[in-house]
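We will go from stop to stop, picking one thing at a time.

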Amino acid sequence: MNKPLPRVRFAPSPTGFLHIGGLRTALYNFLFAKNQNGKIILRIEDTDRKRFVDGAVENLIDTLTWSGITFDEGPNVGGNFAPYLQSERLSIYQEFTQKLVSENKAYYCFCTPERLENLREEQQKLKLPQAKYDKLCLYLSKKEIEEKINSGTTYVIRLNVLPDQKVFFDDVIRDRVEFETNNIDDQVLLKSDGFPTYHLANVVDDHLMEITHVIRGEEWLSSTPKHILLYEYFGWMKPVFAHLPLLFNTDKSKLSKRQGDVAVEDYRAKGYLKEALINFVALLGWNFGDDKEFYEIDELIQKFSLDRVHKAGAVFNIEKLNWLNFEHLKRKPDTEVLKMLRTELENSEFSKSNYDDAYLLKIINVMKERVTFVYEYITKSSYFFKTPEVYEEQNLKKRWKDDSAELLKSLKDKFQTLVAPSKEDYEKALDETAIQFNTNKGNFIHPLRIAVSGVGEGPGVYDIVSIIGKDETVSRINTVINKLSK
RNA sequence: GGCGCGUUCGUCUAGCGGUUUAGGACAUUGCCCUCUCAAGGCAAAGAUCGCGGGUUCAAAUCCCGCACGCGCUACCA
């Protein structure tokens, strides 16, 4: 007998943007599905109308698409188990809730929010070990229930949790986890607005959509016994559960907006590559067991397994992400970097200038090992796009000598005699001038760097000069001499 | 408060009872290379494996207790 191929789902709620932790959960689901030849489904859990944010679904899908995580079924691609928006499945939840009610596994509750709050306060005052609903409405007669419903009293439907029993499940990542029903509240399944809570909708949909593995964040671990109870009440096969460790801020608190960026779109906007973000987030809680840290998505798919996900939460550390971005960018083909650079240029102060591919490719070639982000091709080496406007103070102090202007002038004269010079020609010309003046090459090189770039760092000076060309070099030497020899 | 989960260098992690003087990566520092900055190479520093008890010839690895952290404790997900 062949085991059916796994079906997993990523089920975010559309409250604004894709959280970086959500990306990790989506990714692990994706990697697991692809590795196992299974299917991954996108389901939108929009059951809380108060928290619904307009455009959030589109934003979620857009960000997911950008990241390269694709779905076999979902609101945007359809599928045999549609609809994939929970708000469009309301009648399904109501039907299943009625089934539970008819079997006494769930019950109507007419308690007001005020009573519930008072109840909680009282329980706290009495220092009761756990605050729970007191099952008051469980004992209402059929007649009383009908009267209340007919008179228009609002109600919810609660799960009827039986006392003194044990509930357990075997989590792939955490092994056996056990709870006592005495610690489980009679969870609301259907809210007074007719919408289901997460707990109900999640179980019903996972069953209906034939989900085999529930891979989600650890924040759900404590509510899993409620889900287990529901599976048992319905008489359904339970999926395999895998609860992923949480992602933390630097201070170990749950990753949150207050301490830096948590939205995937923020990282995208900052210029991070999806490859780097995926690589980084994949390693936050999983590794293959060797020393490899640089991964492309294909290899991740090939090597991923749930049993190598570990249990402890991880701090989101941006420095390693930066390094991975650098590595991924460095290994990208020049032609691809060229495309990205063009996009950056369009959004920069140089949007009106025209640069041919050959020119930009030369820049990419010499800057590749010096940039972490594509935009740094522009910010770190703006001198390829415009004449330096300022000359770095510190560098000037160190490298601009009394005779620099005079030496540069001679060098410029020498350069001007060159015909279609190559990088080597510039080097040779500088060498000869240095010999002619019987002085160190450095006395030419450093001032020349100042003249052409304005800064004390960057590619080899012959590279810069040969890229910007003879005329531009001569012009920049003239400019620096004018500005600095007063 | 209750329940649950977790705890190896600053951070991400390797490690599944002996091959470990606890390995790698990022970050940090130094050296080499060098026209600068990177990249690259080499090296240093950094974890008595949360703490305390056991079990064992032998424990980061198994067991128990404690501490700390985190999560849940809503008609939010």
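How many Å separate the centres of domain 1 and domain 3, taken over C-alpha atoms? The separation is 30 Å. Before moving on, note that this is a predicted model, in which local features need pLDDT of at least 70, side-chain atom pairs count only at pLDDT 80 or more, and totals for chains, interfaces and linings use all residues. Residues are numbered from 1 along each chain as its sequence is written, while chains are lettered from A and ligands numbered from 1 in the order in which they are written.

**Stop 1: the whole of chain A**

Colour chain A by domain. Domain 1 takes 7-75 + 247-318, domain 2 takes 89-244, domain 3 takes 332-386 and domain 4 takes 388-486. These bounds come from an automatic or database domain assignment.

Now switch to cartoon. Chain A has 20 helices and 11 strands. Helices (H or I, at least four residues) and strands (E, at least two) are DSSP runs, numbered from the N terminus. The radius of gyration of chain A is 32 Å, well over the 23 Å from the globule rule for 486 residues, so the chain is more spread out than a compact globule. That radius is taken over C-alpha atoms, and the rule is 2.2 Å times the number of residues to the power 0.38.

Buried residues are 33% of the 486 in chain A. A residue is buried if 20 or more other C-beta atoms lie within 10 Å of its own, exposed if 12 or fewer, and partly exposed in between, with C-beta atoms placed from the backbone.

**Stop 2: RNA strand B**

Show strand B and what lies around it. 63 residues surround RNA strand B, and the closest are E45, K254, N317, E457 and G460. Elements giving two or more residues to this surface are α4 (113-125), β6 (175-180), β11 (314-315), α11 (318-331), α18 (442-453) and α19 (461-468). "Near" here puts a residue's C-beta atom, placed from the backbone, within 6 Å of the strand.

Which element gives the largest share of the surface near RNA strand B? Select α18, which gives 4 residues. Colour the surface by type next: 21 residues are nonpolar, 22 polar and 20 charged. Ala, Val, Leu, Ile, Met, Phe, Trp, Tyr, Cys and Pro count as nonpolar, Asp, Glu, Lys and Arg as charged, and the others, Gly among them, as polar.

**Stop 3: paired strands**

Select β3 (106-109). β3 pairs with β4 (residues 156-159) in the antiparallel sense, over 4 bridges. Two strands pair if DSSP finds at least two bridges between them. Find C109, which stands opposite V156 in β4. β4 also pairs in the antiparallel sense with β7 (residues 188-190), over 2 bridges. Here I157 stands opposite L190 in β7.

**Stop 4: helix α7**

Select residues 224-234, which form α7. T224, P225, K226, H227, L229 and L230 are buried there. Their cover includes β4, β5 (166-171), β6, α6 (198-208) and β9 (240-244). After α7 comes G235, with a positive phi near 75 degrees.

**Stop 5**

Most residues other than glycine have a negative phi, and most peptide bonds are trans. Look for exceptions. N37 has a positive phi of about 65 degrees although it is not a glycine. N37 sits in the loop between α1 (20-35) and β2 (39-42). Is N37 buried or exposed? N37 is exposed, with 8 other C-beta atoms within 10 Å.

Go to N104, in the loop between α3 and β3. Its phi is positive too, near 70 degrees. N104 is exposed, with 10 other C-beta atoms within 10 Å.

Then select A82 and P83: the peptide bond between them is cis, with omega near 0 degrees. P83 lies in the loop between α2 (56-67) and α3 (90-102).

**Stop 6**

Select G271, in the loop between α8 (264-269) and α9 (274-282). G271 counts as partly exposed, with 15 C-beta neighbours inside 10 Å. G271 and F373 are 102 residues apart along the chain, yet 6.0 Å separate their C-alpha atoms. Leaving aside neighbours within four places in sequence, G271 is in contact with F373, V374 and Y375. Contact means that two C-beta atoms, placed from the backbone, lie within 7 Å.
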